[in-house]
Structure formats: C-alpha cells, structure tokens
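Please look over the backbone and the pockets of the structure shown here, and then follow the account below.

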Amino acid sequence: MIRRELSRAARTAVLSCALLTLGAAVPAAATTTGTKPLVGDVQQAMETLAETPGVVGAIGEVYVDGKRVGTGSAGSRLLGGKGGKIPSSARYRIGSQTKQMTATVLLQLVEEGKISLDDTLADVLPDVVTRNQVERAREITVRHLLRHLSGIPDYMPVGLFDFTTRYSPADLLALSRKKSRTVEIGTYQYSNTNYILLGLIIEKLTGHSLATEFKRRLFTPLEMRDTYLPVAPPQGITGPHGHGYAPDDTGAMRDVDRVNASYLLGAGGVVSTAHDMSAFQRAFRRGKLLPASLQKVITDPPEGQPPLPPGGMCSGKPEISPAIAGSFPGFVSVTYTSADGRMQFAVSTTLAMSDRERQAMINATRQAAKTVFCPQA
C-alpha cells in the first residue's frame with residue numbers, strides 16, 4: 001500500500017508522502033554557485049539497483065539547476081528480461097509523492113484566503129456530516145488532514161486486481177467509515193483518506209477537478225509536460241514504461257500495470273517523469289510554490305516527533321532534504337533533492353515482490369542515492 005518505507009521516516013516526516021528520511025548530504029561543491037556538482041555514475045547505480053532480487057527495472061536521472069547531468073536505465077520493461085530497457089525519460093507512477101502536490105495546491109488556497117488551516121471538515125464539506133461519511137468531522141481541521149492527525153481510518157486496501165470498477169470518493173469514504181478509529185484526533189497516523197478529503201475540498205473551493213487544478217497550478221507553470229492525474233479505469237501510463245508485478249492469492253506474480261486509478265486520486269494517483277518530478281521539487285524547495293510559513297506545514301516533523309539529526313550519508317553539509325517517495329504493489333518511486341533545491345535525483349523501480357520483501361530494495365535504493373550524491377565517499 002502507499003506508505004512510509006522506513007521506520008526512521010515514520011518518526012520524522014510529516015506530509016507522509018511516504019518520505020524516505022535518509023538524512024543524505026551532497027558534497028559542498030554541489031551548492032557553490034557556478035561550480036558543477038560532483039555526480040556519481042547514474043547508469044552504474046541503476047545497474048546495481050536492478051541486481052536486487054525482485055527488481056524488474058530501474059530508471060533514474062539527475063538534474064542540476066534544471067539541466068540533466070546523468071541518466072541510467074537497467075533491468076527490463078517486462079518481467080523475465082522481456083520488453084527491452086525502459087527509457088530513463090519514461091513515465092512512471094509516483095504514488096504518495098502525489099500528496100505533496102495535493103498539499104501544495106490546498107495551501108495555495110490558504111494563501112489566497114479561500115480557506116483556513118483551522119476550518120473544520122464539517123465547515124468545508126458539510127455533506128460528510130449529513131451523510132455520516134466521517135466520524136467527528138466537526139472536530140477535524142484542515143491542518144489535521146494535511147498532517148495526518150485526523151485519526152480517520154485508511155480506506156486502503158482496495159482490491160488490487162480489480163482494474164475495472166470505478167470507485168467514487170464517496171465509495172472510498174464508505175470503506176474508511178466501516179473501520180474503527182484507533183487513535184485520537186491530534187495523534188499522528190498515516191491515512192490515505194485524509195488526501196481523498198483534501199482533493200474534495202480543492203474541487204469544492206475551485207469548482208474544478210483536482211486534475212485540472214494540478215495542471216493549472218503546477219504542471220503547466222512548471223513545464224511538467226509529461227505529468228497528469230488519471231482518475232478512472234482503464235486510464236494508465238501512456239508511452240513506453242516499466243510494468244510492476246505483485247503476488248496473487250496463489251503466490252503467482254501478476255502484472256499490476258493497470259492499477260485502478262479511481263482509488264488513488266489525490267492520495268497517490270499522479271503519473272510523471274524524472275524530469276518533471278525534478279522540476280516540481282526544485283520549485284518547491286526554492287519557495288516558488290508556497291511562502292515559507294505554509295511550506296513548513298508540509299515539511300515540519302509531526303507533532304511530538306524530534307527533528308532529523310544533523311549529518312547525512314555524505315557526512316557533510318548542506319543536507320539533502322528528506323527524500324519524497326511513493327509505493328504500491330509493483331513499484332516504488334523516490335525523488336531526492338538538495339535542501340537548496342539545486343540538485344535532484346529521481347528514481348523509479350518496478351518490482352515483482354511482496355510487501356514484506358521491500359526493505360532490501362529500499363536499502364538498495366538508498367545505496368544508489370549515496371553513490372550518486374557522494375561519489376568521493
């Protein structure tokens with residue numbers, strides 16, 4: 001499911017874009033104006049990553065100041081070495097990295113005065129009360145939703161191999177409502193349902209679909225030309241791309257390339273590329289999308305959790321910001337960026353493994369980042 005991939009990240013990252021809190025650092029040269037950063041061999045890093053058991057294909061690209069300086073592709077497009085290599089520029093699912101985009105658009109509406117962080121869910125979406133879709137909606141604020149402090153149960157999991165049923169947001173809320181609350185409001189608990197609700201709030205305030213607002217506020221201004229939000233089956237990934245696989249009840253690996261877009265939406269539905277994800281992170285980190293006060297709503301650690309310790313994988317400064325990641329059966333995607341926004345490394349891996357087997361792949365992804373960002377280590 002879409003989730004945090006490292007326990008350390010679960011302690012320290014807020015937005016729950018499945019943040020991989022790697023505490024990485026780039027060489028000092030990477031932050032010196034006019035000096036070309038040191039970048040490791042991206043192709044070799046992808047080849048090593050693809051050797052991890054269960055990885056079908058791996059692609060990655062590095063950007064510095066918006067210019068591509070390294071690419072890599074290893075493994076294959078399909079299981080068993082079939083289908084040829086995946087172009088490093090191919091589209092892929094970004095999973096819960098979508099949440100950062102949803103949060104950014106919502107906070108832009110806060111900046112515009114169209115909503116307050118202290119508005120309650122009942123205030124902005126009264127139907128969730130009248131239809132009994134969310135328990136204690138009069139106590140849950142927009143801030144609670146953004147920071148996973150609402151205690152609303154996650155609607156996941158939904159049928160992994162159901163590629164045709166169209167789920168409405170109301171259907172997803174109904175799935176969540178059937179589950180019991182396990183934490184109090186104000187206590188951190190990751191839930192995709194929060195971001196389905198935020199998507200509904202955006203649509204109500206703007207009068208446009210979430211896909212339209214993503215395009216208008218993010219994709220078009222940042223020239224993310226290959227990025228889009230599919231919202232219904234059988235919409236999928238257009239163009240050449242890698243296929244992911246997951247075990248069915250018999251243990252056999254089945255192609256999950258046709259992930260049902262209707263239950264991802266603002267929680268994890270965006271399809272993008274390494275170029276476009278780098279453009280988004282560069283703009284976000286440089287403060288071009290939100291003022292610092294609102295950006296902190298996304299980047300500050302969850303309430304009651306300590307900040308990241310200093311240092312990082314390169315044992316130097318400045319640090320790379322906590323990596324933003326998304327996962328689902330069949331794939332994991334990660335975007336690393338330097339804190340100053342100059343340098344990005346976007347990685348997508350397609351998988352054929354169970355959820356329980358992912359930790360080794362996650363460790364391998366971290367090592368790939370280290371070889372790219374810390375070539376002298």
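Which helix gives the most residues to the lining of the second largest pocket? The model is a predicted one, in which local features need pLDDT of at least 70 and side-chain atom pairs count only at pLDDT 80 or more, whereas totals for chains, interfaces and linings use all residues. Residues are numbered from 1 along each chain as its sequence is written, and side-chain values use heavy atoms, with hydrogens and water left out.

The answer is H8, which contributes five residues to this lining. A pocket here is an open set of points on a 1 Å grid over the protein atoms alone, where a 1.4 Å probe fits and protein lies on both sides within 12 Å along at least five of seven lines, and lining residues have an atom within 4 Å of a point. The second largest pocket holds about 230 Å³ of space, a volume being the space filled by probe spheres set on the points, which are joined across faces, edges and corners. Its lining is made up of 17 residues, and those nearest the centre are Pro 169, Glu 203, Leu 210, Val 231 and Leu 265. Two or more lining residues come from each of helix H8 (193–206), H9 and helix H10 (265–268), where helices (H or I, at least four residues) and strands (E, at least two) are DSSP runs numbered from the N terminus. By class, ten of the lining residues are nonpolar, five are polar and two are charged; Ala, Val, Leu, Ile, Met, Phe, Trp, Tyr, Cys and Pro count as nonpolar, Asp, Glu, Lys and Arg as charged, and the others, Gly among them, as polar.

The loop between helix H9 (210–219) and strand S4 (245–247) contains Pro 234, whose peptide bond from Pro 233 is cis, with omega near 5°. Glu 223 has its place in the loop between H9 and S4, and its phi is positive, near 55°. Another cis peptide bond, with omega near 0°, runs from Met 156 to Pro 157, and Pro 157 belongs to the loop between helix H6 (142–146) and helix H7 (169–177). In the loop between helix H5 (127–130) and H6, Arg 136 has a positive phi of about 60°. Most residues other than glycine have a negative phi, and most peptide bonds are trans.

Arg 136 is partly exposed at 26% relative accessible area, as is Glu 223 at 45%, while Ser 354 is buried at 13% (buried is under 20%, exposed over 50% and partly exposed in between, with a 1.4 Å probe and protein chains only). Ser 354 sits in the loop between strand S9 (343–351) and helix H13 (358–373), and, leaving aside neighbours within four places in sequence, Ser 354 is in contact (heavy atoms within 4.5 Å) with Pro 247 and Met 253.
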